[in-house]
Amino acid sequence: MGIMTRFKDIMAANFNALLDRAEDPEKMIDQYLRNLEQDFAKVKAETASIMTEEKNAKRKLDECDEEIARMTEYAKKAVAAGNDGEARRFLTKKAELAGQREVLSQNYTLACDNSAKMRQMHDKLAEDISVLKSKRDMLKAKVKVAETQKKINNMGSGLEDAGSNLAAFERMENRVNKMLDEADTMSQLNASNERNSIDELARKYDAQEDSSAVEDELAALKAEMGL
């Protein structure tokens, strides 16, 4: 019977193992829950039917007890009235009812046992469905967290790529800056060489002016001495 088989699975907590083997635990637990709820509806209807049988068995047993008590009272009244024959008839009916009562009592005991088992099954199934719903909610929450974590990890990977590209750009910038510094240094060196050349050329003419002044002063000295 499918209901009993799945119920035994629940009792043994086998659905945990089923979830561990499932490719999609969320879908698996939803399907398992739907099966249990369908089974629960059948168990609930069967429980109600058996509990009704228990009430009927109890009512019949009570009616039999009432009839036995009534026959006992009539027998007493017949004896009090001196009618032993009628008293015997009431007592005979009482004995017949006592035999029926034994069967009714057995039926009632059996109905009580069946009703107790069905109520136990009903309550256990209701409890397990509640537990499974909680597990489903927790599982779905974990799935959402996992999906969010996956998105964060993907974003982190993208940031790492951006960081790598930025580092490459910085290296390229450093190379360009180095090239500019080298070019500026060469320019300064060239300017310095040109300046040195101009200064040397100026000193040449300065030297010529100094030599000319000396010659002029020497000629003036000779004229003064009449030489």
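How many aromatic pairs does the count come to by the ring-pairing rule, under which rings of Phe, Tyr and Trp (its six-membered ring) pair if their centres lie within 6.5 Å? The count comes to 1 aromatic pair. The structure is a predicted model, in which local features need pLDDT of at least 70 and side-chain atom pairs count only at pLDDT 80 or more, while totals for chains, interfaces and linings use all residues. Residues are numbered from 1 along each chain as its sequence is written, and side-chain values use heavy atoms, with hydrogens and water left out.

**Overall architecture**

- The chain has 4 helices and 0 strands; helices (H or I, at least four residues) and strands (E, at least two) are DSSP runs, numbered from the N terminus.
- Read from the N terminus, the elements follow the order α-α-α-α.
- The chain comprises 227 residues, of which 17% count as buried; buried means under 20% relative accessible area, exposed over 50%, and partly exposed in between (1.4 Å probe, protein chains only).
- Among the contacts in the chain with a separation of 6 or more, 79% are between residues 24 or more positions apart; contact means heavy atoms within 4.5 Å.

**Nonpolar cores**

- The largest nonpolar core has 12 residues in all: I29, Y32, L33, L36, F40, V43, I50, M118, M121, L125, I129 and L132. A nonpolar core is a set of buried Ala, Val, Leu, Ile, Met, Phe, Trp, Tyr and Cys residues joined through side-chain atoms within 4.5 Å.
- Helices α3 (25-80) and α4 each supply at least two residues of this core, and α3 gives the most, with 7 residues.
- Another core, of 6 residues, lies apart from it and includes I68, M71, L97 and L104.
- I129, a member of the largest core, touches L33, L36, E37 and F40, not counting residues up to four places away in sequence.

- S115 lies in helix α4, which covers residues 84-224, and is buried, with a relative accessible area of 0%.
- The side chain of S115 makes a polar contact with the side chain of E54 at 2.7 Å. A polar contact is a pair of N or O atoms within 3.5 Å; within protein, one must be able to donate a hydrogen and the other to accept it, and residues adjacent in sequence count only if both atoms are side-chain atoms.
- Leaving aside residues up to four places away in sequence, S115 touches I50, M51 and E54.
- H122 is also placed in helix α4 and counts as buried, at 18% relative accessibility.
- Beyond its neighbours within four places in sequence, H122 is in contact with F40, V43, K44 and T47.

**The aromatic pair and a further link between residues**

- The rings of Y74 and F90 have their centres 5.2 Å apart and their planes at 25°, so the pair is stacked; planes under 30 degrees apart count as stacked, over 60 as edge-to-face and the rest as tilted.
- This pair links distant parts of the chain, with Y74 in helix α3 and F90 in helix α4, 16 residues apart.
- Y74 is partly exposed, with a relative accessible area of 32%, and F90 is partly exposed as well, at 25%.
- D65, in helix α3, is partly exposed at 27% relative accessibility.
- The C-alpha atoms of D65 and L97 are separated by 8.3 Å, although these residues are 32 residues apart along the chain.

**Salt bridges**

- The structure holds 7 salt bridges; a salt bridge is a side-chain nitrogen of Lys or Arg within 4 Å of a carboxyl oxygen of Asp or Glu.
- One of them joins D62 and K58 (2.8 Å, N to O); the two are separated by about one helical turn because they are 4 residues apart in helix α3.
- D62 is partly exposed at 30% relative accessible area, as is K58 at 32%.
- R59 forms a salt bridge with E63, with the closest N and O atoms 3.3 Å apart; both residues lie in helix α3, 4 residues apart, about one turn of the helix.
- In helix α4, K93 and E96 are 3 residues apart, and therefore about one helical turn; their side chains meet in a salt bridge (3.8 Å, N to O).
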